[in-house]
Amino acid sequence: MILSLNVDRWILPAMLLWPLVAALLVRLLGRDVHAEATGTAAPSGGPDARVLTLAAMVVEALLALLLWLSFDPAQRGWQAGVEMPWLTDLGAMISLGVDGLSLPMVVLTACVVPLALLGSWDNVRVRTPAFGALALLLLCGLIGVFITRDLLLFYLAWELMLIPTYLLVGVWGREGTSRASVRYVLFTLVGSLLMLVAIIALWNLGGGTTLDIDALRAVALSPRAQLFLFAAFFSAFAVKSALVPFHTWLPDAQSAAPTFAAVTLGLKVGAYGILRFAIPLFPAAATHDLVRGTILVLSVIAVVYGALLAMTQRDLKRVISYSSISHLGFIMLGSFALTQQSVQGAVMSIVGSGISTSALFLLAGMLEDRTGTTDLAAFGGMARVVPWFSVMLTLVMLSTVALPGTNGFVGEFLVLLGSYAEFPVLAVVATTGVIFAAAYGLRALQLLLFGGMDAPQQAHVADLGPREKFVMGVFAVAIIYLGLMPGAVLGRSDRPSRDLVEIVRFGPNAPAALPPVSLNR
């Protein structure tokens with residue numbers, strides 16, 4: 001049935017273009033349904049912009065699920081590939097495709113984004129047509145990052161992802177949040193401009209005829225050129241991922257952002273960029289002793305440092321932000337340990353972290369919408385008042401601390417198992433992050449849900465409504481399903497993970513002295 005639809009011929013262009021068309025429709029046809037904060041009445045006529053935005057995002061999610069069902073895990077290389085002429089003088093093409101590495105990211109993003117909007121339905125109540133249009137532009141950028149094979153098109157999608165996020169944080173964030181939004185844009189734009197320079201240099205070194213990632217991987221580069229180009233790409237991806245020491249913008253931005261933007265900021269887009277572009281394009285630089293060693297040490301520092309800082313935070317949103325930084329450390333450790341198990345663990349951790357962090361930010365947003373704060377000191381004994389909220393927070397927090405049987409465990413276990421084969425000391429040190437994660441997770445649950453209720457007004461906080469139960473129920477199913485049956489992701493990422501390790505070891509730009517990389521472990 002799916003094959004008869006010729007999905008591979010049209011689905012990726014549709015996923016890229018639909019959010020752009022929908023953004024225009026939402027901006028022109030959508031209306032606010034709430035009064036402005038100034039007291040000005042909301043304009044009448046036209047459908048609720050939030051409903052239009054959600055409907056457009058659901059269409060994108062359905063397309064992503066159709067792509068998932070049509071994907072053949074046994075087939076090697078790109079699937080649903082599309083190539084159309086674009087800037088022919090530069091060799092740039094509208095080149096799209098997915099493989100087992102990008103497919104889980106596409107489905108994760110396309111499904112999390114509408115859930116984030118539905119779960120934070122009343123968080124943004126004014127200027128909703130503009131908000132919805134920017135949210136759809138952001139979705140287009142995110143999907144574009146995962147499905148583009150042309151570096152120039154990838155860069156445009158990358159910038160399309162950054163600019164709406166800046167506006168969402170700066171316009172709809174908390175009062176006085178301009179500093180957080182400016183820091184976000186400064187950090188990310190500096191990194192992305194360096195990446196643009198590297199793309200131009202790589203295009204020139206490749207003869208100025210193509211920007212296709214597969215063709216550029218075959219361009220012979222000197223070790224010195226690889227080092228400079230890798231540094232430029234890595235800086236963009238490391239800043240966006242908030243790897244220590246480039247992490248300082250993330251807690252401020254996520255604390256200030258509206259719930260929807262806080263969720264999208266938590267998606268590990270930069271980590272995907274490292275696996276897709278930085279490592280396979282410049283393997284000699286990625287495996288250089290000093291470069292690789294530095295990144296691995298920074299990764300382990302991020303695991304421990306992020307967890308320790310999460311233990312000291314008094315605000316739930318900042319606890320989640322620093323736990324996300326700790327999770328990124330595991331992802332980076334798995335990416336640069338460069339065994340098949342560790343790379344698969346990194347992919348699984350990107351997916352698992354995207355689910356758990358998104359669910360936590362939605363729960364934090366629901367709490368803030370009801371009480372006006374996420375300060376842990378303002379609560380206590382909430383389990384007796386909001387049992388559904390408490391159950392969901394406990395489940396998601398347990399997945400965040402990698403409890404066996406949840407989605408968080410599988411990725412971290414594979415990262416540690418694959419990393420131990422090559423870097424046992426670093427793997428052992430990183431394992432302590434699991435202990436610290438249990439400490440900050442249980443501490444947050446203790447302060448928020450149990451103990452005495454110091455603020456009597458919290459006794460009247462409403463529990464999750466039907467809409468919120470549905471959203472959190474979807475996250476709960478994903479957490480348990482991927483914890484018990486991770487093969488849905490691991491089976492699709494098996495071949496791309498093996499290919500990545502082979503490219504690093506045997507590709508055209510592989511180092512002359514082969515690094516200690518395992519193909520079998």
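Alanine 80 counts as buried because its relative accessibility is 11%. Buried here means under 20% relative accessible area, with exposed over 50% and partly exposed in between, using a 1.4 Å probe and protein chains only. Alanine 80 is found in strand β1, residues 79-87. Helices (H or I, at least four residues) and strands (E, at least two) are DSSP runs, numbered from the N terminus. Alanine 80 is not a glycine, yet has a positive phi of about 55 degrees.

The model is predicted: local features need pLDDT of at least 70, side-chain atom pairs count only at pLDDT 80 or more, and totals for chains, interfaces and linings use all residues. Residues are numbered from 1 along each chain as its sequence is written, and side-chain values use heavy atoms, with hydrogens and water left out.

Two further backbone features deserve a look. Most residues other than glycine have a negative phi, and most peptide bonds are trans. Alanine 402 is not a glycine, and has a positive phi of about 65 degrees. Alanine 402 lies in the loop between α16 (387-400) and α17 (407-420). Alanine 402 counts as buried, because its relative accessibility is 8%. Now turn to proline 245. A cis peptide bond joins valine 244 to proline 245, with omega about 10 degrees. Proline 245 lies in the loop between α8 (223-241) and α9 (249-256).

Go next to the helix pair α1 and α2. Helix α1 covers residues 7-29 and helix α2 covers residues 49-70. Their axes come within 9 Å and cross at roughly 175 degrees. Axes are lines fitted to C-alpha atoms, for helices over the stretch in contact, and angles run from 0 to 180 degrees between N-to-C directions. The two helices are therefore roughly antiparallel to each other. That word applies to angles over 145 degrees; under 35 counts as roughly parallel, 65 to 115 as roughly perpendicular, and the rest as oblique.

Which residues of α1 meet α2? Among them are Val7, Trp10, Met15, Trp18 and Leu29. On the α2 side, the residues include Ala49, Leu52, Glu60, Leu63 and Ser70. Contact means heavy atoms within 4.5 Å. The residues of the contact of α1 with α2 divide into 19 nonpolar, 2 polar and 1 charged. Ala, Val, Leu, Ile, Met, Phe, Trp, Tyr, Cys and Pro count as nonpolar, Asp, Glu, Lys and Arg as charged, and the others, Gly among them, as polar.

Helix α5 spans residues 151-172 and holds threonine 165. Threonine 165 counts as buried, because its relative accessibility is 4%. A polar atom of the threonine 165 side chain lies 2.9 Å from the backbone oxygen of methionine 161. Beyond residues up to four places away in sequence, threonine 165 touches Leu138, Tyr184 and Leu265. Glutamate 159 is also in helix α5. Glutamate 159 is buried, because its relative accessible area is 14%. Glutamate 159 touches Pro164, Leu189 and Ser192, not counting residues up to four places away in sequence. Glutamate 159 and tryptophan 18 are 141 residues apart in sequence and 18 Å apart in space, C-alpha to C-alpha.

The largest nonpolar core has 182 residues. A nonpolar core is a set of buried Ala, Val, Leu, Ile, Met, Phe, Trp, Tyr and Cys residues joined through side-chain atoms within 4.5 Å. Phe233, Phe260, Phe336, Leu448 and Met472 touch the most other members of this largest core. Helix α15 (residues 340-371) gives the core its largest share, 15 residues. Leaving aside neighbours within four places in sequence, phenylalanine 233 is in contact with Leu151, Met195, Ala198, Ile199, Phe277, Ala278, Leu281 and Phe282.

Phenylalanine 330 sits in helix α14, residues 316-337. Phenylalanine 330 is buried, because its relative accessible area is 2%. Not counting residues up to four places away in sequence, phenylalanine 330 touches Val303, Glu412, Val415, Leu416, Ala430 and Val434.

Finish at threonine 406, in the loop between α16 and α17. Threonine 406 is buried, because its relative accessible area is 4%. Where does the chain bring glycine 483 relative to threonine 406? Their C-alpha atoms are separated by 3.9 Å, while the residues are 77 apart along the chain. Leaving aside neighbours within four places in sequence, threonine 406 is in contact with Leu398, Ser399, Ile479 and Gly483.

Note on methods: Polar contact = N/O pair within 3.5 Å; in protein donor to acceptor, adjacent residues only side chain to side chain.
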